[in-house]
Amino acid sequence: MGKGGGCVPSKKRPPPVTTDIVPVNVGSPTEHQTIDDQTVDDNVVPIETLKNLKILIIFYSMYGHVETLARRIKKGVESVEGVDGVLYRVPETLSQDVLAQMRAPPKDDEIVEMLSVDEMESADGFLFGFPTRYGSMAAQMKAFFDMTGGLWREQKLAGKPAGFFVSTGTQGGGQETTAWTAITQLAHHGMLFVPVGYTFGAGMFKMDSIRGGTPYGAGVFAGDGTREPTEAELALAEHQGKYMAGVVKKLARV
């Protein structure tokens with residue numbers, strides 16, 4: 001003990017080691033290893049190796065309304081740093097002759113069709129979009145979910161967050177029930193349903209115009225197929241993408 005009451009450093013203790021590496025700790029310290037003459041922990045990951053989180057935006061759209069929402073949702077997702085949004089279209093089940101009779105416009109070839117569900121296993125979250133058919137998802141989307149049997153069997157998607165956005169022909173056509181009945185798909189996979197709630201604030205309470213969207217997720221009224229999404233509907237879609245990206249980031253830090 002010195003005169004000032006402090007401890008006298010041991011002469012046998014080696015001087016501290018300094019390094020210019022800025023590590024990201026992912027666990028408790030373990031054995032050390034030397035890389036390029038610098039000492040780092042085995043469980044330290046250099047910042048440059050970290051990848052962005054990925055949200056798959058998987059949708060079916062016949063007349064383009066759901067696709068328009070999907071594109072705006074992607075914008076919202078990617079407004080959050082460290083999160084990427086990837087658009088995928090589910091396979092069409094109707095023949096070209098039937099689509100022509102229904103006057104469905106051609107699909108955008110820039111959006112990849114998801115013919116395999118393997119990529120879903122590596123995704124960090126999902127937003128599924130589809131039009132309604134009598135209060136539940138369109139058959140094309142249900143056929144896609146039926147493709148995920150292998151993932152369901154091994155519960156590869158369990159614990160992953162997911163949400164919905166929809167399109168209906170009328171105000172009473174199922175803006176809520178279409179999402180509500182789709183929750184069964186998530187339940188069997190063990191996925192976490194993430195509704196948007198009323199997090200959009202005042203935009204959820206306006207009554208001065210017709211607006212799709214509910215606490216379950218973004219939505220648009222398509223009418224006979226000629227009505228385009230309004231800015232209010234698109235703004236909610238963008239908010240949902242941003243909100244989901246925030247949820248995914250929080251879960252990734254757990």
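In this predicted model, strand β5, helix α1 (residues 65-77) and strand β6 together form a β-α-β unit of right-handed sense. The two strands of that unit, β5 (residues 53-59) and β6, run parallel and are joined by seven bridges, and within this pairing Ile57 stands opposite Leu87 of β6. Strand β6 (residues 83-89) is largely enclosed by the rest of the structure, because five of its seven residues are buried.

Although Lys160 is buried, it has no salt bridge, and the nearest side chain of opposite charge, that of Asp124, is 5.7 Å away. The side chain of Lys160 does, however, reach the backbone oxygen of Ala123 at 2.5 Å. Not counting residues up to four places away in sequence, Lys160 touches Met120, Glu121, Ser122, Ala123, Phe126, Met191 and Leu192.

When its neighbours within four places in sequence are left aside, Ser136 is in contact with Pro131, Thr178 and Thr181. The C-alpha atom of Ser136 is also separated by 8.1 Å from that of Trp180, a residue 44 positions apart from Ser136 along the chain.

The distances given above are collected here.

| Pair | Distance |
|---|---|
| Lys160 and the side chain of Asp124 | 5.7 Å |
| Lys160 side chain and Ala123 backbone oxygen | 2.5 Å |
| Ser136 C-alpha and Trp180 C-alpha | 8.1 Å |

Methods. Residues numbered from 1 in each chain as written. Predicted model: local features only at pLDDT ≥ 70, side-chain atom pairs only at ≥ 80, totals over all residues. Heavy atoms only, no water. Buried < 20%, exposed > 50% of the residue type's maximum accessible area, 1.4 Å probe, protein only. Lys, Arg positive; Asp, Glu negative; His and termini not counted. Salt bridge = Lys/Arg side-chain N within 4 Å of Asp/Glu carboxyl O. Polar contact = N/O pair within 3.5 Å; in protein donor to acceptor, adjacent residues only side chain to side chain. Contact = heavy atoms within 4.5 Å. Helix = DSSP H or I, 4+ residues; strand = E, 2+ residues; numbered from the N terminus. Pairing = 2+ DSSP bridges. Right-handed = clockwise from strand over helix to strand, strands pointing away.
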